[in-house]
Amino acid sequence: GWAIEKMSKSMFNVVNPDDIIDRYGADTLRLYEMFLGPLEQSKPWDTNGIDGVYRFLRKTWSLFYKDGELLVSDDEPTKEELKAVHKLIKKVSYDIEHFSFNTSVSAFMICVNELAALKCHKRSVLSELVVCLAPFAPHISEELWHALGNRTTVCDARWPAWNEAYLKEDAFPYAISFNGKSRFVLEFPADATREEIEKAVLEHENSKRWIGDKPVKKVIVVPKKIVNVVI
């Protein structure tokens, strides 16, 4: 077993930050300390978690570079890319005001994963990502800010504002259940009516398999969540 003790010189359990910086860099150490949990709480120091933060920064770098070649383009961003970055801007703006830095780091990881999946290398999107990341990881942010073609420091950049229009959902996934048991998922437009959803579900080929020859007694539609067919 092992015990959790407060770091102190007398206990010979102090972690030298210089050792962490030599191996992972100062940005990784900064991010990991914030990622551990709320600032006002005591947190156990576990170096195993540092690797995850280090991989996040490397993944962020890969949005800009591949094999030393700059990937950034001036193409117009897609709706999905705008949604990912504006969701991040809204979350980080709120967290900074409330000193919730640990949840901001989680939001960065989610955003970078989404942009990587979308193969996003758009300058306009990555610029806003870097400005948001600068207070948390200033060294890599400064480097990437200049890679985007800027000549001034990222610290002087205007903080981006989120647009609620990009955050609105156009469609929602509905779990289709039969007698309370979920069988498959269908996606419907956000403005679809109950009647349209009910009709589409009953006419879907997967529904015929579960309904069979049994009469449909009732169809319960919970907006933006689930459709339950009672047979």
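Four strands form an open sheet in the order β4-β3-β6-β5, and the pairing is mixed. The edge strands are β4 (181-189) and β5, each of which pairs on one side only. On average, neighbouring strands of this sheet are turned by 20° against each other, direction ignored. The model is predicted.

**Pairs within the sheet**

Strands of a sheet pair through backbone hydrogen bonds, either parallel or antiparallel. Two pairs are set out here.

| Strand pair | Sense | Bridges |
|---|---|---|
| β5 (residues 218-222) and β6 (residues 226-230) | antiparallel | 5 bridges |
| β3 (residues 171-178) and β4 | antiparallel | 8 bridges |

Single bridge partners can be named in both pairs. Lys218 has Val230 in β6 as its bridge partner.

**The β5-β6 hairpin**

Strands β5 and β6 make a hairpin with 3 residues between the strands. In this hairpin, Lys224 takes a positive phi near 65°.

In a regular strand the side chains alternate between the two faces of the sheet. Which residues of β5 lie on its covered face, and which on its uncovered one? Val219 and Val221 make up the covered face. Lys218, Ile220 and Val222 belong to the uncovered face.

**Asn228 in β6**

Asn228 is found in strand β6. Is Asn228 buried or exposed? Its relative accessible area is 15%. Buried means under 20%, so Asn228 counts as buried.

The backbone nitrogen of Gly180 lies 2.9 Å from a polar atom of the Asn228 side chain.

**A helix pair**

Two helices pack against each other: α2 (residues 26-35) and α7 (residues 138-147). Their axes are 7 Å apart. The angle is about 125°. Angles of 65 to 115 degrees count as roughly perpendicular and those over 145 as roughly antiparallel, so α2 and α7 are oblique to each other.

Which residues meet in this packing? From α2 come Ala26, Asp27 and Arg30. From α7 come Pro138, His139 and Ile140. The residues of this contact divide into 3 nonpolar, 1 polar and 2 charged.

How values were computed:
Residues numbered from 1 in each chain as written. Predicted model: local features only at pLDDT ≥ 70, side-chain atom pairs only at ≥ 80, totals over all residues. Heavy atoms only, no water. Buried < 20%, exposed > 50% of the residue type's maximum accessible area, 1.4 Å probe, protein only. Pairing = 2+ DSSP bridges. Axes fitted to C-alpha atoms, helices over the stretch in contact; angles between N-to-C directions. Parallel < 35°, antiparallel > 145°, perpendicular 65-115°, else oblique. Contact = heavy atoms within 4.5 Å. Nonpolar A, V, L, I, M, F, W, Y, C, P; charged D, E, K, R; others polar. Polar contact = N/O pair within 3.5 Å; in protein donor to acceptor, adjacent residues only side chain to side chain.
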